[in-house]
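Please examine the model shown here with its chains in view. The paragraphs after it lead through selected parts of the assembly.

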Amino acid sequence: MVKFHDRHLGVVMVVLGAAITGLAMVLPGPITGAHIAYGPGFFPSLLGVATMLAGLALAIRGPQADTDSDASDAEAKGRPRFVAPLLVLGSMLAYVYLSDTVGFLPISLVILVVLLMVGGMRFVSALLLSLATSITIYLLFSKVLMVPLPRGLLQPWAIWL
Amino acid sequence: MMVHILSAASELFSPYVMAVIFGSAVFGLFIGAIPGLTATMATALLVPITFYMDPVPAVAAMVTASAMAMFAGDIPSALLRMPGTPASAAYTDDAFALTKKGMAHVSLGICLLTSAIGGIFGALVLSAFAPPLASLALKFSSFEYFWLCLLGLTTSAFIMQGSPIKGIISLSLGLFVSTIGIDPVSGVPRFTFGAPSLIGGVSLVPVMIGVFAVAEILRFYAHRNPKLALEQVELKGVFTGQGRILWRERKAIAQGNVLGTLIGIVPGAGADIAAWISYSVAKKFSRKPEEYGRGSEEGLAAAGAANNAAVSGAYIPALVFGIPGDAITAIVIGVLFMKGVNPGPTIFLNNPSTVYGIFMAFLVANLLMIPLGWVAIRCGRVILKARLSILMPIILVFCMVGSFAVDNTVAAVGVALAFGVIGYFMEEAGIPIAPFVLGIVLGPLVEQNFLTSMMKSGGSFVAFFDRPIAAGLALVTIMIWLSPLLAFWRRRKLVDQA
Amino acid sequence: MTDRTRTFSRYAAGFLMAGSLLSASAAMAEWPERPVTLVVVAGAGGGSDYTMRLLGAELEAALGKPFTIVNQAQASGIVGYTTYTSAAADGYTLGQLSPIAQFKLLGQANFTPDNFTAIAQFNADPSAIHVAKDSEITDMKALVEILKADPGKLKISCGGSCNASWDIPFVSMLLDQGVDVTKLNLIPGPGSAAALQELAAGGVDVVLCSIPETTALAEAGIVRSVAVMSEERIAIDDSIPTVKEQLGKAYVGGTWRGIGGPANMDPALVTKIEGAIKQAVESEKFKTGMEARGFGVAWLDHAAFTAFLDSHFEETTKVINALKGQ
């Protein structure tokens, strides 16, 4: 993958810094008391300006021979793939929106099976490994550490879980 | 006194308490080794379990679990480039760089032994000098904290590798992220865009899980990243050659012990800040600063000792004045109160055997760390042997459960997701991650202490230099800022003379 | 065993009916027939966590079903309050109900008494006024006089965020005594421990927080309590006079903890839960547990707690508006 062009990055940071500063400036003052000239927007707007200045410097300076960069690394990476990382993001999104209704066990099972199969495992072994992993994690966190992992669809069996 | 020590010893070394300590040790190692799950979380998760225990086993459990978790955070840091705790983040690049060179056993050995040394040093200081040091800690008001935090931010200049401009961007963005949520000074919600899940701000743990673990998982799936391909299949002897290394790095270790303990004593500054400051100081005074970030054994030794020393040091103000030194002792104080053991100067009179029990628990835990940590590292071999395509999905599930467990909300999983994407692109753009995390840790402290100081002084800056400790810290900070200028000036002069 | 069989057969039936047709009234008659979630709006290990766990343990022992404690401390507890007020009103998701009126007034969240069913209050801890040992402030009269002459003279730490349980009753008292509260120098901080540290370091003049939080520093001879804002002296340290003794008028306030649920809970269910809590609060184990850590047991039943919640909103509104200068 081509490394991000430093000039573009600089421009992005200038825009981001400007946005932060703008949003910070419109924050309301303290609601009560507080007899100082520095409101809730003071510190964030400083940070916004710092980001803008650094972005500007980057945009003007442009790319530099990065002493740190591992040439071999960049080459070995090749072109990035999109489907697999999107599956990871999708799994996390599914967890955020569905874990409460579906429950931890089913959703973690599905996520594990899918990602293990992406990694080249066959369905049956993926299923077995996922079952074992999900149940272990559930027992450990929910039973031993009392983290309230959602039961979801398995709620009616709550007494056994 | 002897009577109390003996009675404490007989309680501590009873089979029941030893079993509790052993169980908490295994638990702490496990929690610490999972990327993103912190020593603080290990302690918090123990609260319900210790609810019905006596004070000594309850506190021994927490002491053991937090010390073990602090070390175990280094294991995924070295093997997978995912720091297990924020305190490991300062030297993750060094630990992983050694692994890439086929020296995982060296980096893990240093981390293990210096952790134990740091923990024991802190515990000895705790046992011997708790009351006077706690009185010193009580001299810190918002002015002193402000300078201490600024000093912490300044140190990030030393841990930056590559472009300093990108380091500044990373630090600013980290500080910015820390301002999301209700501003504790004014009560105004900031940058929440009306989202109820943002009103509490973004917690450090899901962010850490995101920028380190999730980003690494994304990288793996995007590239089948050879950066992570473990070039070393067999882990060599963990203790081989450690005697020589430890002796060579004795100065760094001593520095880490002392700084770590001191920073631990200062309420509110814990192991994370200790590791960062100690690492930067080691680099600043190193003869080989160019090695830092590329596998410096010196940096590992200093920071590895510092974070465990800080864990012990934090108990000093906690026991003597009931004022927590860090997030872990804040929980422990609550548990002590629960058991009817009230921290305070009279704890030494009213509950001497509990106090000695705590001291001894520290020593036992940190000694136990060496064999158990060795076992944990041996288990870590599984990571080296397992195929990453199997490991990554499992780590992802742990990431989600871990984020959820911080505050018991799925919103934290969303935060981990968002910061996973951010961390991925930061790395692609060559922006270092460490200053970003440091910014999130220090942001609230810097801002709040600045604002409350201004409120107290009625807007006058003079007050920042009025108090002796504040003035001292200010002097150090400003000298560090000016040192590059001075060096530049001196060089110019030399050139002129030539 | 019968329990399990019953659960199983109900599941089988429920499965056929898309698993959701458990009628509300049937659930109520047998409350609790499955684990109950108790949301604590503070982190593990703190005072709220302790009292709620203590109560939860008693409820669990009495009712034979697990009471799961869930800590949701973010945003001063707003997240936790939101969790249980937006849950189903079936009695299986309850939570800690503590001072909440400030959130709406500060634009942080939209809670009104209508969002809650105030089931019962079990604890109240008075706010108290603390100074450094060598402070010139020896009694409340002196304190009020100083503030009347120059409201901004003293740096007063709120013992946490301002506009909260410790400073609201204090400001309310000053308002009544004729102090210009808009000019007060109220200093927020991350919590009472940090506030007391500031006091010891000489950073502030007065700290407002509860009595048990200061015992360690009082024993060390660093902090002195001037007065406590309760009707009568409190058991944990009866050498501390009340504000009433010193100013001749009772000013009472502080924090309190109760059990709340989402709005519109069935009255029969509320009565049932209220009864269970009363039984737990009266148990010997709960009482000694509260006493051991200096927490006051203060019982208010459903009706009294509901009325109290309204007066809490009134007082908080009055004080915050006064601070704003309205």
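This is a predicted model: local features need pLDDT of at least 70, side-chain atom pairs count only at pLDDT 80 or more; totals for chains, interfaces and linings use all residues.

The account below begins with chain A, passes to chain B and ends with loops of chain C.

The average pLDDT of chain A is 83, and 81% of its residues score at least 70. Among the elements of this chain, helix α5 (residues 104-118) has the highest mean pLDDT, at 95, whereas helix α3 (residues 71-77) has the lowest, at 45. Over residues 67-76 of chain A the pLDDT is below 50, and in the model this stretch has 7 contacts beyond near neighbours in sequence.

Chain A contains 6 helices and 0 strands, so that its pattern along the sequence reads α-α-α-α-α-α. Of its 161 residues, 35% count as buried. Among contacts in chain A between residues at least 6 apart in sequence, 66% join residues at least 24 apart.

The buried residues in α1(A) are A:Asp6, A:Leu9, A:Gly10, A:Met13, A:Gly17, A:Ile20 and A:Ala24. Seen down the axis of α1(A), these buried residues fall within an arc of 100 degrees, so they line one face of the helix. An α-helix has 3.6 residues a turn, so residues three or four places apart point the same way. The cover over the buried residues of α1(A) includes α2 (42-61) of chain A together with α9 of chain B.

The contact between the two chains can be taken up next from the side of chain B. In total, 49 residues of chain B are in contact with 62 residues of chain A. On the side of chain B that touches chain A, the elements giving two or more residues are α9 (164-177), α10 (204-223), α19 (388-407), α20 (411-428) and α21 (434-457) of chain B. The most is given by α19(B), with 9 residues. By class, this side of chain B has 30 nonpolar, 14 polar and 5 charged residues.

Which residues touch the most other members of the largest nonpolar core? In this core of 330 residues, they are B:Val59, B:Ala60, B:Val211, B:Ile217, B:Ile316, B:Ala361 and B:Val437. Helix α7 (residues 104-137) of chain B gives the most to the core, with 17 residues. The surroundings of B:Val211 can be given in detail: not counting residues up to four places away in sequence, B:Val211 touches B:Phe419, B:Ile422, B:Gly423, B:Ile433, B:Phe436 and B:Val437.

The buried residues are B:Ala39, B:Thr40, B:Met41, B:Ala42, B:Thr43, B:Ala44, B:Leu45 and B:Leu46. They pack against α2 (15-33), α4 (55-72), α10, α14 (297-313), α16 (327-338) and α19 of chain B.

One of these partners, α2(B), has 19 residues that should span 27 Å at 1.5 Å a residue, and its end C-alpha atoms are 27 Å apart, which agrees. Buried in α2(B) are B:Val17, B:Val20, B:Ile21, B:Ser24, B:Ala25, B:Phe27, B:Gly28, B:Leu29, B:Ile31, B:Gly32 and B:Ala33. What covers them includes α1 (2-12), α3, α4, α5 (74-80) and α18 (352-385) of chain B.

The remaining positions are in loops of chain C. C:Ser76 is found in the loop between β2 (67-71) and α4 (78-85) of chain C. Its phi is near 50 degrees, a positive value in a residue other than glycine. Is C:Ser76 buried or exposed? With 26 other C-beta atoms within 10 Å, C:Ser76 is buried.

C:Asn264 lies in the loop between β10 (254-262) and α11 (267-282) of chain C. C:Asn264 is not a glycine, yet it has a positive phi of about 60 degrees. C:Asn264 counts as exposed, with 8 C-beta neighbours inside 10 Å.

C:Ala235 has its place in the loop between β9 (223-228) and α10 (243-247) of chain C. With 10 other C-beta atoms within 10 Å, C:Ala235 is exposed. C:Ala235 and C:Gln121 are 114 residues apart in sequence and 19 Å apart in space, C-alpha to C-alpha.

Key
Residues are numbered from 1 along each chain as its sequence is written. Chains are lettered from A and ligands numbered from 1 in the order in which they are written. A nonpolar core is a set of buried Ala, Val, Leu, Ile, Met, Phe, Trp, Tyr and Cys residues joined through C-beta atoms within 7 Å. A residue is buried if 20 or more other C-beta atoms lie within 10 Å of its own, exposed if 12 or fewer, and partly exposed in between; C-beta atoms are placed from the backbone. Helices (H or I, at least four residues) and strands (E, at least two) are DSSP runs, numbered from the N terminus. Ala, Val, Leu, Ile, Met, Phe, Trp, Tyr, Cys and Pro count as nonpolar, Asp, Glu, Lys and Arg as charged, and the others, Gly among them, as polar. The arc is that of the directions from the helix axis to the C-beta atoms. pLDDT is the predictor's confidence in each residue, from 0 to 100. The expected span of a helix is 1.5 Å times one less than its number of residues.
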